[in-house]
Amino acid sequence: MSVTEPAAPASAVRASRHESFLAFAGFRYLKLAVLVGAASLVLYLADRPLGGRYGGSWAGYILGTVGALLILWLTWFGYKKRSYEESRWRRYLAARQRRRGVAPTSQQQEREHGERLAARLSAHVYLGLVLLLIATLHTGFHFGWNIHTLCYALMCVVILSGIFGVFCYAHYPRIMTANRGNMTVPQMLGRIAALNEDLRRGAMPLDNATTALIERAVEETEIGGSVWRQLSGRYPNCATAAAIRGMDASLAAAPAALTEARRQVRVLLDEKAALLARIRRDVAIKAMMEIWLYCHVPVTFALLAALLAHIVSVFFLW
Amino acid sequence: MQLEVTLLTRRGAAVMHRTQSVNAERVSFGRGTNNEVALPDIRVALVAAVLASRDGGLFIEARGDAPIRVNGATVPMAAVGPGDEVLIGPYRLLFAEPPENYDAALSIELVQPMGDALDMLVAQSRIGLGAAAWSKRVLSWIGFTAVALVCLAVPIIVYSGGLVPSWREVQPGLTAAALFTLSWNPGELSNTHRQFAADCAACHQSAFTAVRDGACLACHAGVGAHAEKTAELGPLRGRLDGTRCTACHEEHRGLGGLVIQEAALCVNCHRNLAETAPAAGIRDVASFPAGHPQFRATLVADSATGRLARVELGGKPPPRDAPGLHFSHAAHLVKGGFPPLGYKEMVCADCHVAEPGGLGFLPITYERQCKSCHALKFDRTDLPWPGAVVPHGDDSGIVAAVWNYYAGKALQGGIAPPAAPVLVRRAPGSPAPAAELPRDALAWVAQRAEAALREVILDDKRGCAYCHFGSGPQGAFETAKFLPSPMAPAASARVRIVAPVVMRARFLPKARFNHASHAASACEDCHAARQSASSGDVLIPGKENCLRCHGPERAALKVQSTCTTCHGFHHTEFGVMRETGSAAR
């Protein structure tokens, strides 16, 4: 993802971030992936081993080797594209450029860095997708209850979760921006903190029961929490919602003298509830954008182990 | 509009004032630095409110998401004047009497500093899945380790430690160890090998080594060779001997079986055998059906010597068989059967009895197939026991049977017409003469026997000649040396008078045609028996007949047929494929 995208021309539709990596360099990696996929298909069709196509024919071995190398490469670059650290090679190049007095400006460096990230992500996505084809051809469409199919299944899980990740990157930032409006999360938190103080002040003249409700709403402001809580955005024990319900329930019994004070507190509660809903939605969206990685990354490592077992087993019992 | 703005900052008891003057048509308040009055707090919107003069009065209007409060009331817009209090987020704006030349004066104070409230809120919020005590690193390690253990380490331990006992010793069962070895199974085993599917070591005798022939020969020692040991195969001999079992028999390729069926495997050598191994005399085959030569049937060339010949079918003139027999299929398959004799219409199965397994048919014998209609009877009357029948296949027994029959008849007094008793005169007291057979009875027997034998052998309706050829030149029956002299019936008993018969039970011995699997077709679909009046007709159809149903190995609308559909590779008649001791490969 480019962090320093050059400003798009006013006439052009502003490209959002995900588009920038999917369309990186005129879909360079999409083209590469299509090429690799087509080559794999040709290889698969060209090879007609006796007894039917399978992973142990020469084409099967080539497809398997390419697939395994792709898995290692994708894992490595999946790691690298998240790492902002410069590689030694890049540091060396930069140092040499500085010595020659042709060192790039920091802006240039930043732009280059952003482009590298976009390139890696673009390559990661498209080559990851084509891996699905390569590995499927490698199987020769033979599946069973064994570690070989487990390896394939894990790879499918990784790729599918990756596809979901791309969808998240494409879909959620817009929703997130729309949800946030003009506010940032720290702003929302600050605003809620302020509202909490206002609530405390405003609840002073109210009866004990209502004050207790308000105090609980202030004390137990629940934002985030367990994975399910974050993902679902549902907070069934929300103290603020409980306070609103409680106040509405005791409306009739409230003395007339406190009507104005209650109204003020009620308005504050509504405002807080609205803010909470927004920030919780923000948390939920963020969690959605994060959750697939909790599948993508660990399953990748399980896949690496299964791949190792797959390759070793085939040659161990040749 | 001229505005005096005083910023108040409290440090303990001390209050610091900073006054600035603002001159603008509209004065905006907000977090942003481009506001006329900046309120640098995160809880304030970029532009939170705008103060403007209208109709001589001052109005404040909320702009941000958060409403403003004027004198404690939440309002979108309000008129303000000296003494009014406006809350914008954590800031309090107090309007005062403006000094001279000013339109308004106000003091601004941060009354709700961000402090404990925010800290607490942030502390108790758990945002981000990492905060929910999930770690990708830990999960990754768990995933990697678990899979590496279960899928790699344990199966290796189970195999190397021999934890799955040999299937020869222990009845295979689905034990935990078996589950681990089965998890490595790269594909379904063939059905016959499934019984030891969990016992990897049964075939994979050592790690990182391809399966050796010895592993196969442990069970399949007697498997037949492909060609005679002495066949001159040229360079192909070495290739044949060097081919490992697994070259053609690939395991883990599914339940269907482990024999590779593709024609390419055979055609690899057989496409140019005429060139590479001319001495073998095998015709080239490139494919089926296009590259397959016409079938050659093994026919009898000379029944007397038993000489066979391989003759191509479908040629002109049609090939002839020479079994040494007169036989007409057409004459047997007449419509309506044989009512005068009381026989129904015949069908193929009356004579052609499938052998057990149904591959082919039991050999045709006189006893089984012919006798019930073609009894070898030579006289209408019987002795007290059935006796007027000559034995089949026993030439020497024929004379004895006929002679004995008429001798029996004579003893029964069957000599007709009965002659008057011969008077024998003798002296009184002299012994009675020995009771010798009457000379005329013996003559009668000899005469009747010769007549019967002539008929039995030569009659073309009831005798041997009806079906057989004689053993003399051009199939003649040499009765002269066969017929007994009246007084010495056994003298010429050892002479053979009927020429030998050689009938083929298999006409295409190099192929394996299974009649049982073709049982749905009528016999006549392939064998034109009704049109055949001669035993020399070859009723085995040629290749073109098969092609009515059979097509190439990838045919879409015909029976997919490949080499192994009809041909086998291993032939036990050529000896064993591999000597067990030499199978180090």
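The structure is a predicted model; local features need pLDDT of at least 70, side-chain atom pairs count only at pLDDT 80 or more, and totals for chains, interfaces and linings use all residues. Residues are numbered from 1 along each chain as its sequence is written, while chains are lettered from A and ligands numbered from 1 in the order in which they are written.

Chain A is assigned domain 1 (17–180 + 292–316) and domain 2 (185–290). These bounds come from an automatic or database domain assignment. The C-alpha centres of the two domains of chain A are 45 Å apart. Seven residues from domain 1 of chain A and seven residues from domain 2 of chain A make the contact (C-beta atoms, placed from the backbone, within 7 Å). On the domain 1 side, helix α6 (residues 147–180) of chain A gives the most, with six residues. Helices (H or I, at least four residues) and strands (E, at least two) are DSSP runs, numbered from the N terminus. The domain 1 side holds five nonpolar residues, one polar and one charged. Ala, Val, Leu, Ile, Met, Phe, Trp, Tyr, Cys and Pro count as nonpolar, Asp, Glu, Lys and Arg as charged, and the others, Gly among them, as polar.

In chain B, strand β1 (residues 2–11) pairs with strand β2 (residues 14–23) in the antiparallel sense over 10 bridges. Pairing requires at least two DSSP bridges between two strands. Val5(B) stands opposite Gln20(B) in β2(B). The two strands form a hairpin with two residues between them. Gly12(B), in the turn, has a positive phi of about 65°. β1(B) also runs parallel to strand β12 (residues 104–110) of chain B, joined by six bridges. There, Leu7(B) stands opposite Ile108(B).

Technical notes. Contact = placed C-beta atoms within 7 Å.
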